[in-house]
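Hi,

Here's the structure I promised to pass on. Have a look at it first, then read my notes below.

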Amino acid sequence: MSSKSIRVFAPASVSNVGPGFDMMGFALHEPGDEIIIKKNNSNELRIVNIEGDNGNLPKEVDKNTTTVAIKSLLEKYDLNVGLDVSIHKKMGIGSGLGSSAASAVAGVFAVNELLNLKLSKIDLLVHAMAGEFVASGSIHADNVAPCLFGGFVLIRSYNPLDIIQIDYPKNLYCSIVYPDIVIKTKEARKILSKTVKLKTAIAQAGNASGLIIGLMTKNYELISRSIIDLIAEPKRAKLIPCYNRVRKAALDNGALNCNITGSGPSMFAFSTSAKDAERIADAMFKAVIQSGLNGKKYVSKINGKGPIVLE
């Protein structure tokens with residue numbers, strides 16, 4: 001890394017994790033996005049290149065998640081500096097894997113390192129959330145927080161913002177399939193009910209609490225029976241044509257459980273070994289193909305680091 005430029009990788013993330021709607025997520029090792037930022041002499045923030053987006057992302061600074069996040073940071077600390085931003089998308093847009101979050105996080109993380117601002121991750125998080133808002137139309141951190149902090153994250157509160165990193169079994173593996181369809185977060189949020197029944201809220205809280213305790217105590221059976229979403233998933237499953245087939249394939253091959261990640265269409269399943277995770281991923285991907293769709297598959301442990309400087 002020179003003092004004039006920096007290249008950063010920020011990872012994909014799984015959000016909600018069953019019962020943790022808008023309040024739980026964990027980072028993956030792959031896929032992810034890369035951002036290159038170079039200082040310029042114009043005192044302007046500019047997007048000079050976007051790759052891997054098939055022409056779908058806006059190049060206007062006030063509309064792109066990466067530069068909205070960066071601009072929020074620059075304005076907060078009254079920084080007059082010119083920056084050229086190159087965005088290299090290495091995962092699908094609208095995949096449910098935190099694509100917009102990774103770009104926003106990579107942007108603010110890179111600026112913090114390049115300008116040697118020495119800001120904390122909680123300071124950076126607010127600006128990454130501003131970038132995420134452009135894509136989702138709502139304030140939520142269940143992708144940006146795990147992407148930025150790494151590991152498994154609980155957002156206990158949004159006002160005030162309270163981020164808690166949860167211990168987890170280090171041999172927990174995640175199998176992921178990404179069916180080749182697009183589900184926009186804004187649209188997926190619109191179909192959710194504005195209210196829930198009291199008994200549903202109680203059951204959801206029980207599952208969320210059980211999942212956290214299961215992770216912290218390495219109780220895989222408790223993890224398995226706690227990854228149940230009674231609020232978002234029943235509605236969002238209808239948006240994913242292969243949902244039932246993929247979930248059955250994962251469970252039939254020994255997954256602890258299988259759920260939608262974020263608003264979908266990607267789905268994830270937990271297991272406890274690399275061998276099991278590969279077998280489960282293969283079965284889930286086969287189910288996608290049998291449903292008449294194409295897609296991608298990934299296998300990853302939980303990424304405990306978050307974004308990293310590449311050069």
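This is a predicted model: local features need pLDDT of at least 70, side-chain atom pairs count only at pLDDT 80 or more; totals for chains, interfaces and linings use all residues.

Residues are numbered from 1 along each chain as its sequence is written, and side-chain values use heavy atoms, with hydrogens and water left out.

A pocket here is an open set of points on a 1 Å grid over the protein atoms alone, with protein on both sides within 12 Å along at least five of seven lines; a cavity is a set where a 1.4 Å probe fits but cannot get out, and lining residues have an atom within 4 Å of a point. Volume means the space filled by probe spheres set on the points, which are joined across faces, edges and corners.

Back to that pocket: 49 residues line it, and Leu57, Ile93, Gly94, Ser95 and Ser99 lie nearest its centre. Its lining divides into 13 nonpolar, 22 polar and 14 charged residues. (Nonpolar is Ala, Val, Leu, Ile, Met, Phe, Trp, Tyr, Cys and Pro; charged is Asp, Glu, Lys and Arg; the others, Gly among them, are polar.)

There's also one cavity of 30 Å³ or more. The largest cavity has about 40 Å³ of space, and Asn16, Gly18, Asp229, Ala232, Glu233, Arg236, Ile260 and Gly262 line it. That lining splits into two nonpolar, three polar and three charged residues.

Cheers
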